[in-house]
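Biologist: I would like to walk through a protein model with you. Shall we take it question by question?

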Amino acid sequence: MKKFFAFTIASIISIGSFGSVMAAAPAAPTVTVPLPTMSFETADGWAVGGPAAQFEIVTNAGVVDGTQALKVTATTRQTDWNILTKLGINAPAGTLWSVPEGHVVAATITNPAATDLQIRWNISDSANNGRMAYFLVPANSTREIMYTAETFGEPGVANGSWKTDGYGQKGVDETAIKAMSFYVAEPELEKVMPGVASPVYIIDNIILKPAPVAVPAQ
């Protein structure tokens with residue numbers, strides 16, 4: 001009788017525990033919101049990393065929105081693609097960013113050096129597709145760069161355009177962006193920005209804006 005009683009109690013405890021596991025609350029659904037403006041007025045949502053990375057908030061150069069911009073320097077160019085000087089920007093946990101139809105994502109890059117700069121901008125989506133786009137920013141100048149519908153490409157489909165500005169790798173879903181990063185091609189010492197030992201750029205105002213209107217060819 002005692003053995004039966006003990007077995008019954010153990011069974012009740014076991015069933016109760018199983019019920020508790022089964023009743024656990026489901027994970028919160030992912031929320032998708034329009035990509036917010038990022039102009040480095042606060043330290044939230046971004047980080048600069050890499051063994052040769054230096055960065056500072058500046059107020060006297062490259063500012064196109066608010067009162068601050070971010071200056072990033074690679075003190076030396078690395079030869080390993082895995083340890084680049086990189087500015088990383090991630091969507092908050094449980095959130096994805098989207099680009100509304102008819103819009104692009106733009107960022108303003110200032111090149112304060114006397115040599116041309118190639119800046120690379122990677123965007124990844126919730127399916128782990130990653131697109132790389134690159135843009136030439138002439139010496140001592142400021143340029144607004146853009147991810148357009150062509151730059152985003154078709155999600156999961158790899159293609160490329162290798163011109164002065166271009167893109168490569170798999171297209172990404174602009175309605176499910178999870179992260180982006182900015183960097184320069186440090187290991188390509190002889191191919192990209194030859195002679196530039198310590199590339200530097202200033203970035204500000206990552207923003208959604210209406211897509212440029214195409215001008216018909218004459």
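Predicted model: local features only at pLDDT ≥ 70, side-chain atom pairs only at ≥ 80, totals over all residues.

Biologist: What is the average pLDDT of the protein chain?

Modeller: pLDDT is the predictor's confidence in each residue, from 0 to 100. In this chain, 86% of the residues score at least 70. The average is 89.

Biologist: How many helices and strands does the protein chain have?

Modeller: Both are DSSP runs, numbered from the N terminus: helices are H or I with at least four residues, strands are E with at least two. The chain has 2 helices and 14 strands.

Biologist: What share of the 218 residues counts as buried?

Modeller: Buried means under 20% relative accessible area, exposed over 50%, and partly exposed in between, with a 1.4 Å probe and protein chains only. By that rule, the buried share of the protein chain is 39%.

Biologist: Which residues have the most contacts inside the largest nonpolar core?

Modeller: A nonpolar core is a set of buried Ala, Val, Leu, Ile, Met, Phe, Trp, Tyr and Cys residues joined through side-chain atoms within 4.5 Å. The largest one has 39 residues. Those with the most contacts inside it are L87, W121, F182, Y201 and I206.

Biologist: In β13, what is the bridge partner of L87?

Modeller: L87 belongs to strand β5, residues 86–90, where L87 and I89 point to one face and are buried. Strands pair if DSSP finds at least two bridges between them. β5 and β13 (residues 177–183) pair in the antiparallel sense over 4 bridges. The partner of L87 there is F182.

Biologist: Which residue stands opposite L87 on the β2 side?

Modeller: Strand β2 covers residues 46–49. β2 and β5 are antiparallel, with 4 bridges. Opposite L87 stands V48.

Biologist: Which residue in β9 stands opposite W121?

Modeller: β8 (residues 117–125) and β9 run antiparallel, joined by 8 bridges. They form a hairpin with 4 residues between them. Opposite W121 is A133.

Biologist: In β12, what is the bridge partner of Y134?

Modeller: β9 also pairs with β12, residues 166–169. These two run antiparallel, with 4 bridges. The partner of Y134 is G166.

Biologist: Is N140 buried or exposed?

Modeller: Most residues other than glycine have a negative phi. N140 has a positive phi of about 50° although it is not a glycine. N140 sits in the loop between β9 and β10 (141–147). With a relative accessible area of 57%, N140 is exposed.

Biologist: What is the phi of Q169?

Modeller: Q169 is found in strand β12. Its relative accessibility is 44%, so Q169 counts as partly exposed. Q169 is not a glycine, yet phi is positive, near 75°.

Biologist: Which side chain makes a polar contact of 2.8 Å with the side chain of T110?

Modeller: T110 lies in strand β7, residues 103–111. T110 counts as buried because its relative accessibility is 9%. A polar contact is a pair of N or O atoms within 3.5 Å; within protein, one must be able to donate a hydrogen and the other to accept it, and residues adjacent in sequence count only if both atoms are side-chain atoms. The partner is T142.

Biologist: Which backbone oxygen lies 2.9 Å from a polar atom of the R77 side chain?

Modeller: R77 lies in the loop between β4 (69–74) and β5. R77 is buried, because its relative accessible area is 10%. The backbone oxygen of V196 is 3.1 Å from a polar atom of the R77 side chain. At 2.9 Å, the oxygen is that of V192.

Definitions and conventions
Residues numbered from 1 in each chain as written. Heavy atoms only, no water.
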